[in-house]
Amino acid sequence: MWSAITAKYGRQWTSTVVKRYRSLTAYDISRMRDLLGDTNVKTDDLDSFNTDWLHTHKGRSQLVLEPNTTRQVSQVMAYLNDQSLPCVIQSGNTSLVAGSVPFDDEIIISMAKMRQIISFDETSGILVTESGVVLQTLEDYVNERGYIMPYDLGAKGSCLIGGNLATNAGGLRFIRYGSLHGSVLGVEVVLPDGRLLDLMSCMRKDNTGYDLKQLFIGSEGTLGVITKVSIQCPLKLRHQTVALVAVNSFDDLLKIYHKIRCDLTEYLTTFEMMDDIAMDAVVTNLKQTHPLNGNSSPFYVMFKLAANDCEHMEKRLAQVIEQLMDKQLISDGTYVSDDNLQRFQKLKSYRERIAEGLLVDGYSYKYDISLPLNVFYEIVNVMKDRLKTTKCLRVCGYGHIGDSNLHLNMTSKVFDTDIKSQIEPFLYEYIAKHKGSISAEHGLGLMKNRYLSYSKPAEAISMMKDIKRLIDPKNILNPNKMLPPIN
Ligand code: FAD
Ligand code: 2HG
Ligand code: ZN
């Protein structure tokens, strides 16, 4: 079953040791039709389900299942487990580590039809929903009721809340509202053998035994299928302002970060950076006008503030900007409030659309890393130097600097082994030396699972494998993802 490994741009996973499973039969498909009904079983036009967002990997699945209910998920998993048939759970398929597509021909279980919002408590801000709802839909829903989702991603129009939990997605509000490990109150999970694990608490405080829900947050579809979620939503502040400023050096950028944290702390919800090469990916590749009238600068900072008292917030912002300009820490900039929603969204989009812009170059070598701030940007220059004689088109750095999370990206027209070998394992060794993380927020999926040891000790990896064996002894859930090969 695992004989053919197809990667569009390179054979990056051929060394992975894999387990053999039996092949899918017509009988299996007919059983699935009995359980789910004909309209929820797809065997044709599966290309988009088999291809990841970055177009780096193509699976060969011949079957996509679209359950409507938890009971159906449970019945499907019981059958697959009994028959030792492997599967991959897919939500919005926006994974940037090829976690949501089959490694080979695993059955795809799409969660997109489980899209009921179950309840929302307007006093507490607790949202209870099925896991297949699009993040933007949830954001709009809670906005209308005076709240916001505790996280925000560029992929919000496509990603689903279950996928967000499964990857423990970070994003643009992390600096203010923290991790999903804090805001998720409960989950309902179908285990690999079909049993239901009901951990749907709506309580913020609950110290009764091990907090098992945490195991499923960030488990990348390897331990269970998340079918329901309860999550604490923060109150929506009445006014938001986004600012984009030009900065001459990374040292200046750190000074700006410190100043804004100190002076605007009660308002700050987002603090992001991008370099000129990242900005160019949006401006040139996506054909956008430059946000600062073409005045290019080595770095840009995009930060957002929110408050109920707009006047006071904007007055404080104007003062801080003036002080930063007096100290020549910022050379140019602009800000706009959400009263002018179109301009507000547009200004945010220069940061949110970088991943999309980079993809226009062809192939993206994507590294989502944590590094201490004192060496945060150094690696971008190191990489520029290492790759200068290769066919690399672009080396850039951007990301959630407020969370010490750098998105280091390189591009070329097509996948190039020479470029890849200059990046890895050098980069992983560099990260380990600085005690960073090889995956800050995107997870490990298929692309990074073999490098887990650069960020976790052998004892921890061994314990992770024990947990996987305990919960999924037949290794049918998302095999070959997240963990190094299990024998
Ligand atoms: P998928 O991609 O479908 O799945 C992701 C993983 O979760 C897979 O391993 C899958 O098997 C598993 N999974 C999915 N659903 C379930 C479920 N119900 N139960 C169990 N397992 C499941 N990430 C960030 O952290 N921060 C960002 O700022 C950010 N920005 C992004 C911007 C863009 C343009 C894109 C394309 C991606 C971005 N991402 C970001 C990547 C991020 O991981 C995803 O956007 C998102 O969290 C994945 O959700 P999804 O619904 O697409 O899940
Ligand atoms: C972001 O923050 C996403 O924009 C994507 O996490 C990062 O493109 C990337 O590497
Ligand atoms: Zn990110």
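The shell around ligand 1 in this predicted model comprises 12 nonpolar, 21 polar and 2 charged residues. Of the 35 residues around ligand 1, those that come nearest are Ile 89, Ser 91, Thr 94, Leu 160 and Gly 170. At least two residues of this shell are supplied by each of β3 (87–90), α5 (161–167) and β9 (225–232). Helix α5 gives the most, with 5 residues.

Polar contacts to ligand 1 involve both side chains and backbone. Asn 164 places a polar side-chain atom 3.0 Å from an oxygen atom of ligand 1, and a polar side-chain atom of Asn 478 lies 3.2 Å from an oxygen atom of the ligand. From the backbone, an N or O atom of Ile 226 lies 2.9 Å from a nitrogen atom of ligand 1. The protein buries 97% of the 960 Å² that ligand 1 exposes when taken alone.

Ligand 2 has a shell of 3 nonpolar, 4 polar and 3 charged residues. The residues that surround ligand 2 are Leu 96, Arg 351, Ala 355, Lys 366, Tyr 398, His 400, His 407, Asn 409, Glu 441 and His 442.

| Residue | Distance to an oxygen atom of ligand 2 |
|---|---|
| Tyr 398 | 2.4 Å |
| His 400 | 3.0 Å |
| Glu 441 | 3.0 Å |

Taken alone, ligand 2 exposes 290 Å², of which the protein buries 87%. Strands β15 (394–400) and β16 (405–412) are the elements that give two or more residues to the shell around ligand 2.

His 407 belongs to strand β16, whereas Glu 441 lies in the loop between α16 (426–433) and α17 (458–471), so the pair ties together parts that are 34 residues apart in sequence. His 407 and Glu 441 are both buried.

Terms used. Residues are numbered from 1 along each chain as its sequence is written. Chains are lettered from A and ligands numbered from 1 in the order in which they are written. This is a predicted model: local features need pLDDT of at least 70, side-chain atom pairs count only at pLDDT 80 or more; totals for chains, interfaces and linings use all residues. Side-chain values use heavy atoms; hydrogens and water are left out. A residue is near a molecule or strand if one of its heavy atoms lies within 4 Å of it. A polar contact is a pair of N or O atoms within 3.5 Å; within protein, one must be able to donate a hydrogen and the other to accept it, and residues adjacent in sequence count only if both atoms are side-chain atoms. Accessible areas come from the Shrake-Rupley method with a 1.4 Å probe; for residues, only the protein chains shown count as cover. Helices (H or I, at least four residues) and strands (E, at least two) are DSSP runs, numbered from the N terminus. Ala, Val, Leu, Ile, Met, Phe, Trp, Tyr, Cys and Pro count as nonpolar, Asp, Glu, Lys and Arg as charged, and the others, Gly among them, as polar. Buried means under 20% relative accessible area, exposed over 50%, partly exposed in between (1.4 Å probe, protein chains only).
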